[in-house]
Amino acid sequence: MDLYEYQGKQFFASYGIPTSPGDVTSSPERVVEIATEVGYPAVVKAQVQVGGRGKAGGIKLVSNPEEALAAARSILGMDIKGHTVKKVWVEHASDIAAEYYASITLDRSAKEDLVMLSEQGGVEIESVAQSNPEAIVRRHINPIDGLTLEIAREIVGASGIPSDVHEGVAEILVKLYEAYSRGDADLVEINPLIVTPERKVHALDAKVTLDDNAFYRHPEWDEFRSAEELDGRERLAKDRGLNYIGLDGSVGIIANGAGLAMSTLDVVNQVGGSAANFLDLGGGAGADVMTAALEVINTDPNVRAVMVNIFGGITRCDDVARGIVNALEKVTLSSPIVIRLDGTNAPEGRAIISDLNSEAIFVESTMIGAARRAVELAEKGVASGDIR
Ligand code: GDP
Ligand code: MN
């Protein structure tokens, strides 16, 4: 789960990383109150989960209540790269002497955590990596030692950051690692990490991705989750415990296994269609989970056909077929459904589906065949009255 900047700052603050105090709101009048509380000059920042807010006009420095109100009115409701700004964060504006970059993430190819530090922050790190790769210090951290203050000092020493702030930056790196490892994050990034004219180091921005698999041991994350940006379909899917991502095509996808679901998306694309969603049923695709999946897909008005792609392994196709039959008794489909069953007990499974004898239910034995059929049906646009 990606956090908004204000949540990321809250997360950082709980690990002792210095940030400026402030507050979040969706009301222009409240922006003025907060700005007056934190003191002018203040900064009003759009809360959207996309970078480059500064360049897009989503961050404004204000020096009095009139400017605060005007900034709030212009930023709230603004569109930044397809994200509508619903909330702004307001904090006392910092004086900036220098902008650095610091991040920790998992380097999957090296199978180790990777710390990156650069004295060229405030700009997109990708562009620094392109134009000036030696300006980024990269260091892998083994999980036994973790990121000690000694290692942090070495990293900072290699970065070109002036020595009077070495200790301040090194201490923040250690805390950032704590936040990353104990806090179960997949990514923590501070860009910019600033130095003030008084030579104080602190985080001016916060980008955090939490590891969804660690939800069970972080009840405090519920608060973050409630603010998550989900569309109606995704919210329903989440309530039903499904691994679902909404897309904007017309073929609803149900598959067992994330890899198979992704291949299904590819195959639908390959035959000229487009997927309405990603949906992985996971292991054991029983009646309950199939019912939930069909319900979620049914709520999507863009769906013109559904493709169910099951490869039976430990999960047997006849069980899945019975699950589908069961689900179809509870859910009235609003579009035709193409079912591909292959693997363990596939013939038995197909027979069960064929016995339904429905004009809106099609059985296919290959993935490409099923995709072709689903795309064709989606293009034909069967009226919902035709569906049993
Ligand atoms: P991003 O553009 O979405 O990454 O948003 P940031 O929070 O990183 O802010 C972008 C830029 O706005 C920073 O690099 C700063 O140059 C500027 N900025 C943000 N907050 C302040 C502030 O408190 N004081 C000053 N002077 N500039 C700020
Ligand atoms: Mn930033």
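Me: In which strand is the place of Ile 253?
Reply: Strands are DSSP runs of E with at least two residues and helices are runs of H or I with at least four, both numbered from the N terminus. The run that holds Ile 253 covers residues 251-255. This run is strand E14.

Me: At what pLDDT do side-chain atom pairs count in this predicted model?
Reply: Residues are numbered from 1 along each chain as its sequence is written, chains are lettered from A and ligands numbered from 1 in the order in which they are written, and side-chain values use heavy atoms, with hydrogens and water left out. Because this is a predicted model, local features need pLDDT of at least 70, totals for chains, interfaces and linings use all residues, and side-chain atom pairs count only at pLDDT 80 or more.

Me: Does Ile 253 count as buried or exposed?
Reply: Buried means under 20% relative accessible area, exposed over 50%, and partly exposed in between, with a 1.4 Å probe and protein chains only. The relative accessibility of Ile 253 is 0%. Ile 253 therefore counts as buried.

Me: With which residues is Ile 253 in contact, leaving aside its neighbours within four places in sequence?
Reply: Contact means heavy atoms within 4.5 Å. Apart from those sequence neighbours, the contacts of Ile 253 are Ala 261, Thr 264, Leu 265, Val 268, Ala 275, Asn 277, Leu 279, Ile 297 and Met 307.

Me: What distance separates the C-alpha atoms of Glu 234 and Val 296?
Reply: Glu 234 belongs to helix H8, residues 232-239, and counts as buried at 16% relative accessibility. Along the chain, Glu 234 and Val 296 are 62 residues apart. Their C-alpha atoms are separated by 8.3 Å.

Me: Into which domains is the protein divided?
Reply: The bounds come from an automatic or database domain assignment. By that assignment the protein consists of domain 1 (21-92), domain 2 (98-222) and domain 3 (232-380).

Me: Which residues coordinate the manganese ion (ligand 2)?
Reply: Donors are N, O and S atoms within 2.8 Å of the metal (3.2 Å for Na, K and Ca), and since water is not among the atoms, sites may look incomplete. The manganese ion has its coordinating atoms, an O and an OD, at 2.1 to 2.2 Å. They belong to Asn 191 and Asp 205.

Me: How many residues apart in sequence are the parts that the pair Asn 191 and Asp 205 ties together?
Reply: Asn 191 lies in strand E10 (residues 185-195), and Asp 205 in the loop between strand E11 (201-203) and strand E12 (207-210). Both residues are buried. The pair therefore ties together parts whose separation in sequence, in residues, is 14.

Me: What is omega for the cis peptide bond that joins Asn 191 and Pro 192?
Reply: Pro 192 is found in strand E10. Another cis peptide bond runs from Tyr 40 to Pro 41, with omega near -5 degrees, and Pro 41 is in the loop between helix H2 (28-38) and strand E2 (42-46). For Asn 191 and Pro 192, omega is about 10 degrees.

Me: What is the positive phi of Asp 184?
Reply: Asp 184 is in the loop between helix H6 (166-181) and E10, and is buried with a relative accessible area of 12%. Asp 184 is not a glycine, although its phi is positive. That phi is about 55 degrees.

Me: Does Lys 111 count as buried or exposed?
Reply: Lys 111 has its place in the loop between strand E7 (98-107) and strand E8 (112-118). Its phi is positive, about 55 degrees, although Lys 111 is not a glycine. At 72% relative accessibility, Lys 111 counts as exposed.

Me: Which residues does Ser 20 touch, not counting residues up to four places away in sequence?
Reply: Ser 20 sits in the loop between helix H1 (5-13) and strand E1 (22-25). It counts as buried at 8% relative accessibility. Beyond its sequence neighbours, Ser 20 touches Trp 89, Glu 91, His 92, Ser 94 and His 202.

Me: What percentage of the 388 residues in the protein is buried?
Reply: The protein has 13 helices and 18 strands, and its C-alpha trace spans about 80 × 50 × 40 Å along its principal axes. Among its 388 residues, the buried share is 49%.
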